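Have the viewer open as you read.

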Amino acid sequence: MKKVSMKIRGEELVLETGRVAKQANGSVLASYGGTVIITAVTSSKEPVENIDYFPLIVNYQERIYAAGKIPGGFFKREGRPTDKETLIARIVDRPLRPLFPKGFRNEVQIIPTTLSADQVNPPDILAVIASSTALTISDIPFNNPVGAVRMGKVEGEFIINPTFQEMEKSDIDLIVAGTKDGITMVEGHSKEVSEDDMIQACQLAHAKIKEIVKLQEELVKDAGVKKMEPELFVVPDDLRTNVSAQIKAEMEKILKTPKEKKERKDLIEALYNKIIEKKENNFADVDEDDFPIYVNEVFDDTEKEIVRNMILENKKRIDGRGLKDIRDINCEVNVLPRTHGSSIFTRGQTQSMGIVTLGSVRDEQRFDDIEGEATKSFMLHYNFPPFSVGETGRVGSPSRREIGHGMLAERSLTSIIPDNTEFPYTIRVVSEILESNGSSSMASVCSACLALLDAGVPLKDSVAGIAMGLVYEDKKYAILTDILGEEDHLGDMDFKVAGTKNGITAFQMDIKIDSINFDIMKEALAQAKEARIFILDKMNKVLDKPRQNLSEYAPKIKVVSINPEKIAAVIGPGGRVIKDIIKKTDTDIFIDDEQFTVTVSGKQLDAVDKAIQMVKDISQELEIGKVYEGRVTKIMEFGAFVSLPGNREGLVHISKISKERVHKVQDVLKVGDQVKVKLTEIDSQGRYNLNMRDVKK
């Protein structure tokens, strides 16, 4: 057993190997505070045949016992991955994937599992560190350790690895991963922070990342094993030369003449098919299954070379734009007749339809995981149907990509959503991607913002998003604004920034090269800000503030605070009182016995107002000397009983009915009469004595 450790903000980060999971290619038990993760990595002995990608899969798992709990529901064991587990798996995957050797086709599986959760230190950062360490000490060809930290900013001070409690007060929640040479991934959201703050956070993070990488290297010296010598996927030189000679001129012609995505794709596909048809004549000795993969690799490399050269040398892109140019933007709102808010945001060939649905507190999303129970009243879901890219494909439960893009867009908007005291609605936004050619997640931010304004949600400000790209070769580089799908695939960086005119609200960066320096990152952020302001101006010309009135189809919701001692009275024995209010008003009522509030929702505003008044009547204290209006409920020889607010009754004695002598109560009153009464006394038995005689008519 080998172990190394270091201190980070007073907590011990411990990396240990050799005690558990020894049949895996590599395994590490990592702990930070009371949070413990085991990561085991395994690899197939032989490369997977007939594929043109690296088959890496990350399966992050949280065991409910880690928090000392038993899973809820009928099935008392963990089920399919939660959205949170999927998001953390993506955070682990993204900084590690680019660092494997090019052409490595062995199947690799990384399984980080949270075994203990102290509910103080988040497990996601530890999952990245443990996964990198397990790969580094294993025989799998991975030689560039990755470190990760979370950055917060509380009361103007940057904090490395803030606790859950500190994150609640933080202006930034930023996960930064990288090697000793530089940053490779950034993921997070913030409360309109400046570009300078974002750079400073990343710089502070990288200083600590280098220490974490050094710690992993110490463990490798003690426990690392010899790396395997894998069989890398390599295109034969003669085939590459032959195919490249046949396609380069025509490929340049296709790419250097601006075209729509579909036309460009069709022309390249026709050229590809032409080469495939020549196999028997030119490449008879090449394996039948390998040949299309080889050709596809040459096409990809040739396209990459041409496009990158155009950008670096000519400052031109395949659709004819300059490096900073943004595609044509079109914004529409109120596009669907029955939804509570809707919009369409189109940028070039990327199009998102945003749809808003407003609900009551009962529609909140509820969580119960190793971090405890929680609710969420704002959610954004992203759907990416195959027709959006002109293809057929699976339709069903959301993919990892859909979950990740939806959460990025959600975090972009979270800081400008009003809290429940200002707007007591649960808000669900759905982004339907109708077309996609780059940056559909940022288009989702724009469409969602417009749809929320259309729904009348009182946003603190408007938010827009933009995706940036990078081409970097031999110390020459070009930063691209509003990247196409091909530029994402062929470039070196995918850098998404969302924010208001005042600052950044969400930030995501993935690097395909070893790292980038902070000067390039700073330049990219400045260029992204220019683009964001430009897009916000386009959006504001269509709708720059929330509509004053909610949709007629949206539920009407009001909240009233009540005396906590009156909650039982509002509910009534066996819930009879609250059920009676719901039945009489056709509303839905939710009582929060922690905040001491009653939320009433319904289709009609007058019904909601009626229910609110009934709750107020029950919860209010009756005051001696105050006049109330009530209904005569019972006639007796000695007087009449009259209803009072809160399902109470009082007695008007026959002598207190009128200034004139009353011989029989029935001569003046009958059951059902509405009368005004003054409360004159609450006797020792809690009975209410009333007076009609002294009430002004």
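This is a predicted model. Let us begin with the pairing of strand β8: it runs antiparallel to strand β10 (residues 172-178), and 6 bridges link the two. Within that pairing, V149 has V176 of β10 as its bridge partner. Strand β9 (residues 157-160) is also antiparallel to β8, joined to it by 4 bridges. Here G152 faces I159 in β9.

| Partner of β8 | Sense | Bridges | Example pair |
|---|---|---|---|
| β10 (residues 172-178) | antiparallel | 6 bridges | V149 and V176 |

How enclosed is strand β8? Of its 8 residues (147-154), 8 are buried, so the rest of the structure largely encloses the strand. In a regular strand, side chains alternate between the two faces of the sheet. In β8, G147, V149, M151 and K153 point one way, while A148, R150, G152 and V154 point the other way, and all are buried.

Now to the surface. Which residues gather in a patch of negative charge there? They are E46, E49, E231, E280, D287, E288 and D289. One of them, D287, sits in the loop between α7 (279-282) and α8 (290-314). With a relative accessible area of 41%, D287 counts as partly exposed, because that class lies between the 20% cut-off for buried and the 50% cut-off for exposed.

Definitions and conventions. Residues are numbered from 1 along each chain as its sequence is written. This is a predicted model: local features need pLDDT of at least 70, side-chain atom pairs count only at pLDDT 80 or more; totals for chains, interfaces and linings use all residues. Side-chain values use heavy atoms; hydrogens and water are left out. Patches are made of residues with over 30% relative accessible area and no salt bridge: like charges are joined within 9 Å, nonpolar side chains (Val, Leu, Ile, Met, Phe, Trp, Tyr) within 5 Å. Accessible areas come from the Shrake-Rupley method with a 1.4 Å probe; for residues, only the protein chains shown count as cover. A salt bridge is a side-chain nitrogen of Lys or Arg within 4 Å of a carboxyl oxygen of Asp or Glu. Lys and Arg count as positive and Asp and Glu as negative; His and the chain ends are not counted. The place of a charge is taken as NZ of Lys, CZ of Arg, CG of Asp or CD of Glu. Buried means under 20% relative accessible area, exposed over 50%, partly exposed in between (1.4 Å probe, protein chains only). Two strands pair if DSSP finds at least two bridges between them.
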